[in-house]
Each structure stands twice: as structure tokens, then as C-alpha cells.
Amino acid sequence: MTQDDLKQAAAELEHAPAADILKWAADHFAPRLTFATSLGLEDCVVTDLIAKASLPVDFFTLDTGVLFPETYALWKRVEDRYGVAVTAVRPRRTIDEQALDAGPELWTREPDRCCELRKMEPLRARLAGYDAWITAIRRDQTPERANAPVVGWDGRFGLVKINPLVRWTFDEVRAYVREHDVPYNPLHDQNYPSIGCVPCTSPVMPGEDPRSGRWRGKEKTECGLHLKKN
Ligand code: SF4
């Protein structure tokens, strides 16, 4: 597809239901289509939509080695509930090996470098084998995501990116999860609206920005997966 084709598709799909956007993605890119689930609430909605439509999509998650026990448990529940395999995409080094190379708890000193090693490098390698990837980002999550199209060229990774939930609000996500009895991380009910790695995720108090618990006290708001190419 050319850039013009993608722009036209984005315009046509802007107000389409998420299920239709996912069907369009499968029609155009399967079997070279993959879904990056971070097992967050939005990811659980996309998983439910893909599974219910039996779309031929490869699932994976970035297993940094420092996810919450509740996240690992949800991963298993999702696989059991939907009969899908969520492939673990892991960094080259374990946490202990990284500590030998770069010092302990790299996330406290250089979180960007830690995210590069534990998320970006493995993600780049994974996406190299696909023509398109699906994500569960929403426009109102961060300023970087505010202009995300439904479909567009991802210059950072060199493939098409499909964002079926970009127009959804957090309330709509919660309503879908309730209505469809979608399995989700119990930490969401304990003041964790956004869940990442254990060392970089803290609870969020009423009135705080839902993503303020990620890299709390640092300028960082994204691990880099959804930033635009510089
Ligand atoms: Fe490292 Fe934190 Fe990034 Fe996880 S979120 S890869 S622990 S800096």
C-alpha cells in the first residue's frame, strides 16, 4: 500500500467500529499481521475483538522480565479463555545479565536505555517479520498519541500500524470489559489504571492523570513504542 492508500484508508475507517478496523487489517495484511498486547485493559478489549472474529493475527507481548505477577497470571488466563498463543518476546539479556553489563536497576538511572534494551530492541526484531502491527493505544492517553491515525505508516519500525481503539475513551473501554466479561488485570481495581514493569509503575490517586503512575517523578511518559520517528 502507498502512503496515499493508507491516508485514504485512515479517512474511511476513522469512524468505523473497532471490529471493522480489525477485519480490514486482517483482509489486507494477514498472515503478516501481528498484535502487540501489553495485557492492559485496552489490549484485553482488542484481544476479545480479534478472538471473537477468529481473525488470523499473531499475538505477542514484550516480556521485560519485570512484569507484575498479576500480569503473568492474566497472560495465562487470556490464552486459556481465547485459545490463542501469546508469544513472549524477550530481551537478549536477563535482568541479572543486564546488571552485570550496565549496573543494577538501570531503570532508576537511565530508563530510556533500559526501555531500549528491554523493549525496543526486541520489538524491532519481532516487527521485522511483519507487514503490519496492531496496537491498543488511545488518543487521549498521552500528547504523543493525540494525533495517532486509525491506520498509518510507522516510520519508526518500517511497517503499517493499526490502532482500532484510538477514538475510544477510558470509560468506553471499561464499559466494553464489563459488558463482555473480558478478563483483565486485577491491579486495575487497585488504583493502577496503566500497568507496565514493576519498577516503573506506581498506583494513581483520585484526580491524578491515569498515566502519572508510569515512571513517576521522571519526565518520561512513553517507553518509545509509540513515539513518532525523529
Ligand atoms: Fe526498564 Fe522501566 Fe522501561 Fe521496564 S518500563 S524496560 S523496567 S525502564
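Colleague: Which residue does F60 stand opposite in strand 3?

Modeller: F60 stands opposite T87. The model is predicted, so local features need pLDDT of at least 70 and side-chain atom pairs pLDDT 80 or more, while totals for chains, interfaces and linings use all residues. Residues are numbered from 1 along each chain as its sequence is written, and side-chain values use heavy atoms, leaving out hydrogens and water.

Colleague: What makes strand 2 and strand 3 a pair?

Modeller: Strands (DSSP runs of E, at least two residues, numbered from the N terminus) pair if DSSP finds at least two bridges between them. Four bridges join strand 2 (residues 58–62) to strand 3, so the two are paired. They run parallel.

Colleague: Where do these strands sit in the sheet, and what is its order?

Modeller: Six strands form an open sheet, ordered 3-2-1-4-6-5, with mixed pairing.

Colleague: Why are strand 3 and strand 5 called edge strands?

Modeller: Strand 3 (86–89) and strand 5 (151–154) each pair on one side only.

Colleague: Which strands does helix 7 lie across?

Modeller: Helix 7 (residues 111–127) lies across strand 1, strand 2, strand 3, strand 4 and strand 6, at about 165° to strand 2. Helix 2 lies across strand 1, strand 4, strand 5 and strand 6, at about 160° to strand 6.

Colleague: What makes a group of residues a nonpolar core?

Modeller: The set must be buried Ala, Val, Leu, Ile, Met, Phe, Trp, Tyr and Cys residues joined through side-chain atoms within 4.5 Å. The largest such core has 47 residues, and L33, I50, I134, V151 and I162 have the most contacts inside it. Elements giving two or more residues to this core include helix 1 (3–13), helix 3 (41–52) and strand 6 (159–162). Apart from it lies another core, of 20 residues, among them L62 and W215.

Colleague: What is V151 in contact with, beyond its neighbours within four places in sequence?

Modeller: Contact means heavy atoms within 4.5 Å. The partners of V151 are L6, A10, L13, W24, V160, K161 and I162.

How values were computed:
Buried means under 20% relative accessible area, exposed over 50%, partly exposed in between (1.4 Å probe, protein chains only). Axes are lines fitted to C-alpha atoms, for helices over the stretch in contact, and angles run from 0 to 180 degrees between N-to-C directions.
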